[in-house]
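Reader: I would like to learn how to read a fold from its parts. Where do we begin?

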Amino acid sequence: MASFLSPSSTTVRPYRTEDEAGVRALIDADRMPGQRRCTKQKLAAARRGPPALADWAAQERPRISVLSDAADHPRGVIAFLSWPDIRTGVICWAYAREDLPALRALLGHALAELARCRQIDAFVGAPPGPLGPGGLPRLRRATTHEALLEAGFTGHRQGAYLHCTLPGEPWPAPAKLVADVFPCECPPGHRLIIRDGAEPVAEAVVSVGPDRTATVYWIEIRPTHRGRGLGRKLLGQAFALLAEQGAVEVALVIDDMPPTSESEAASRLFDSFGFSLVDELWTYQRRHTCP
């Protein structure tokens with residue numbers, strides 16, 4: 001990709017309140033199918049830190065830096081944090097419209113700030129968060145992948161991003177509703193639980209955004225109850241609920257698993273509901289000896 005930035009015309013500086021609109025535009029430029037647009041609330045949540053690290057990072061908030069042009073407009077943004085006591089850092093997210101020089105400048109800045117960290121993780125795998133699918137979309141963001149490798153990171157695939165479009169007509173609800181449905185606060189949405197007697201044996205967490213995009217955050221069947229069709233019943237009821245709430249498309253992130261009969265069954269289940277692979281999700285790590 002051609003770059004319209006020159007090092008002499010750009011500055012990396014701390015994020016300011018007036019950068020909000022420009023930063024949100026950078027984030028939305030890399031939006032995946034079915035991924036919700038960045039809102040003020042989502043950006044504010046991202047500034048508090050990734051959900052997977054919320055407890056660990058209770059005393060640390062990400063530092064957000066902006067790459068600005070000669071007119072002081074955001075042309076890239078990166079968020080990172082560190083824990084000095086264990087000398088570990090995390091690059092939470094970075095966006096620069098896949099412009100390689102901009103990404104190099106942002107990563108160089110973050111690595112300089114994290115220079116005393118022996119280990120730095122980037123795009124740590126997690127459930128979909130306020131600003132992304134929980135890892136780096138390896139194919140759609142190939143330039144970011146290249147910039148990370150140039151900066152000394154090694155990466156590996158840790159999951160996949162799936163997407164499907166709901167039909168125009170209402171999704172048929174199961175003849176018999178098998179799951180109890182409860183409101184869920186984090187993420188805002190609903191939790192569906194199938195019980196065997198009083199014991200929960202299958203669970204899903206789903207959510208619909210204001211832009212009519214939905215996310216399946218979690219679906220799990222207890223090993224002792226797999227192979228009984230509970231996944232199909234649970235996902236069918238979840239889809240009916242999402243369609244009733246106005247969703248028109250659904251995203252799902254799955255973790256990579258070794259090929260087994262159970263993982264193959266899960267793949268067939270998602271295929272049968274119309275999910276297709278959008279991209280691989282990668283996570284990265286950089287280790288080095290520092291003073």
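**Turns, strands and cores**

Author: Begin with one turn. Strands β2 and β3 form a hairpin with five residues between them, and Asp-72 there takes a positive phi near 65 degrees. Keep in mind that this is a predicted model.

Reader: In which sense do β2 and β3 pair, and over how many bridges?

Author: They pair in the antiparallel sense, over six bridges. Strand β3 covers residues 74-83.

Reader: Which strand do four bridges join to β2?

Author: Strand β1, residues 11-14, which runs antiparallel to β2. Here Val-12 stands opposite Leu-67 of β2. Strand β2 itself, residues 63-68, is mostly covered, with five of its six residues buried.

Reader: Now the other hairpins. How many residues lie between β9 and β10?

Author: Two. Gly-197 in that turn has a positive phi of about 70 degrees. Seven bridges join β9 (residues 189-196) to β10 (residues 199-208), and the strands run antiparallel. Leu-192 has Ala-204 in β10 as its bridge partner.

Reader: What does β10 form with β11?

Author: A hairpin with four residues between the strands. Arg-212 in the turn has a positive phi of about 70 degrees. Seven bridges join β10 to β11 (residues 213-221), again antiparallel. Val-208 stands opposite Ala-214 in β11.

Reader: Let us step back. How many helices and strands are in the chain?

Author: Six helices and 13 strands. Buried residues make up 48% of the 291 residues. Among contacts between residues at least 6 apart in sequence, 68% join residues at least 24 apart.

Reader: How should I read the interior?

Author: Start with the general idea. In soluble globular proteins, nonpolar side chains tend to be buried together. Then find the core here. The largest nonpolar core has 28 residues. Leu-234, Leu-235, Phe-239, Val-250, Phe-270 and Phe-275 touch the most other members.

Reader: Which elements give two or more residues to this core?

Author: β7 (154-165), β9, β10, β11, α5, β12 (249-255) and α6. The largest share, seven residues, comes from α5. There is also a second, separate core of 25 residues, which includes Ile-78, Leu-106, Ile-120 and Leu-148.

Reader: Take Phe-239. What is it in contact with, leaving aside its neighbours within four places in sequence?

Author: Cys-164, Leu-166, Trp-171, Val-250, Phe-273 and Phe-275. Is Phe-239 buried or exposed? Its relative accessible area is 1%, and the cut-off for buried is under 20%, so Phe-239 is buried. Phe-275, at 5% relative accessibility, counts as buried too.

Reader: How do I read aromatic rings? How many aromatic pairs does a search of the whole structure find?

Author: Five. Trp-93 and Tyr-95 form one that is tilted, 6.1 Å centre to centre with 45 degrees between the planes. Both Trp-93 and Tyr-95 are buried.

Reader: Why is the pair of Phe-239 and Phe-275 edge-to-face?

Author: Check the distance, then the angle. The ring centres are 5.7 Å apart and the planes stand at 70 degrees, and planes over 60 degrees apart count as edge-to-face. This pair links distant parts of the chain, 36 residues apart. Phe-239 is in helix α5 (residues 230-244), while Phe-275 is in the loop between α6 (261-272) and β13 (276-287). Ring pairs also build a cluster from Phe-239, Phe-270, Phe-273 and Phe-275.

Reader: What sits over the ring of Trp-282?

Author: The charged end of Arg-138, 5.5 Å from the ring centre.

Reader: Last, a helix. How do I read its faces?

Author: An α-helix has 3.6 residues a turn, so residues three or four places apart point the same way. Now look at α4, residues 142-150. Thr-143, Thr-144, His-145, Ala-147 and Leu-148 are buried there.

Reader: What covers the buried residues of α4?

Author: The cover includes α3 (100-113), β5 (119-122), β6 (136-137) and β13. After α4 comes Gly-152, with a positive phi near 100 degrees.

Terms used:
Residues are numbered from 1 along each chain as its sequence is written. This is a predicted model: local features need pLDDT of at least 70, side-chain atom pairs count only at pLDDT 80 or more; totals for chains, interfaces and linings use all residues. Side-chain values use heavy atoms; hydrogens and water are left out. Rings of Phe, Tyr and Trp (its six-membered ring) pair if their centres lie within 6.5 Å; planes under 30 degrees apart count as stacked, over 60 as edge-to-face and the rest as tilted. Buried means under 20% relative accessible area, exposed over 50%, partly exposed in between (1.4 Å probe, protein chains only). A charge sits over a ring if NZ of Lys or CZ of Arg is within 6 Å of the ring centre and within 35 degrees of the ring normal. Contact means heavy atoms within 4.5 Å. Two strands pair if DSSP finds at least two bridges between them. A nonpolar core is a set of buried Ala, Val, Leu, Ile, Met, Phe, Trp, Tyr and Cys residues joined through side-chain atoms within 4.5 Å.
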